[in-house]
Amino acid sequence: MSTASTGSPLHDFTSSTRRVQDEMTPLVARLGSSSARSQELAAIELYDLMGESNGADSRAAIVPAGAIEPLVALARSGSERAQEAAAGALSYLATHHQAA
């Protein structure tokens with residue numbers, strides 16, 4: 001029995017994670033925006049995604065989406081609000097991460 005067949009728990013998790021990763025891509029791009037407000041809103045939205053009902057999918061998708069490096073950069077040198085949101089997102093990811 002293949003665990004990757006349609007309808008299997010693994011397939012459902014993988015396709016859901018890919019969908020969330022696709023949704024994160026524009027948010028990750030906005031983390032590097034020249035607009036402080038856009039950066040803040042993107043970091044807040046990423047944080048919110050990690051805590052929602054699909055939070056496990058969001059946390060699984062955040063690394064492949066490329067969000068870690070821009071979140072760290074914002075936590076170091078963004079506006080005060082962007083720093084808080086980025087640090088919150090990174091903290092949530094670190095404390096709720098499930099090892100594969």
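This passage describes the fold, confidence, packing and side-chain pairing of a predicted single-chain model.

The model is predicted, so local features were taken only at pLDDT of at least 70 and side-chain atom pairs only at pLDDT 80 or more, while totals for chains, interfaces and linings use all residues. Residues are numbered from 1 along each chain as its sequence is written, and side-chain values use heavy atoms, with hydrogens and water left out.

The chain comprises five helices and zero strands. Helices (H or I, at least four residues) and strands (E, at least two) are DSSP runs, numbered from the N terminus. The order of elements is α-α-α-α-α. Of the 100 residues, 36% count as buried. Buried denotes under 20% relative accessible area, exposed over 50%, and partly exposed in between (1.4 Å probe, protein chains only). The chain exposes about 5,900 Å², with areas computed by the Shrake-Rupley method with a 1.4 Å probe. Carbon and sulfur atoms supply 55% of that surface.

Confidence is given as pLDDT, the predictor's value for each residue from 0 to 100. The chain mean is 79, and 74% of residues reach 70 or more. Among the elements, α1 has the lowest mean (72) and helix α4 (residues 68-77) the highest (95). Over residues 1-5 the pLDDT is below 50. Beyond near neighbours in sequence, this stretch has five contacts in the model. Where pLDDT is low, the predicted coordinates should not be read in detail.

D22 sits in helix α1 (residues 9-31). This residue is exposed, at 58% relative accessible area. D22 and A61 are 39 residues apart in sequence, yet 8.7 Å apart in space, C-alpha to C-alpha. S38 belongs to helix α2 (residues 36-51). S38 is buried at 17%. Leaving aside residues up to four places away in sequence, S38 touches R30 and S33.

The search of the whole structure found two salt bridges. The criterion is a side-chain nitrogen of Lys or Arg within 4 Å of a carboxyl oxygen of Asp or Glu. R37 and E40 meet at 3.8 Å, N to O. They are three residues apart in helix α2, which means a separation of about one helical turn. R37 is partly exposed, at 45% relative accessible area, whereas E40 counts as buried at 10%. E40 also bridges to R81, with the closest N and O atoms 3.9 Å apart. This pair links distant parts of the chain: E40 lies in α2 and R81 in helix α5, 41 residues apart. R81 is partly exposed, at 39%.

One aromatic pair was found. Rings of Phe, Tyr and Trp (its six-membered ring) pair if their centres lie within 6.5 Å; planes under 30 degrees apart count as stacked, over 60 as edge-to-face and the rest as tilted. Y47 and Y92 are edge-to-face, at 5.7 Å centre to centre and 85° between the planes. Y47 is in helix α2 and Y92 in helix α5 (residues 80-96), 45 residues apart. Y47 is partly exposed, at 35% relative accessible area.

How values were computed. Contact = heavy atoms within 4.5 Å.
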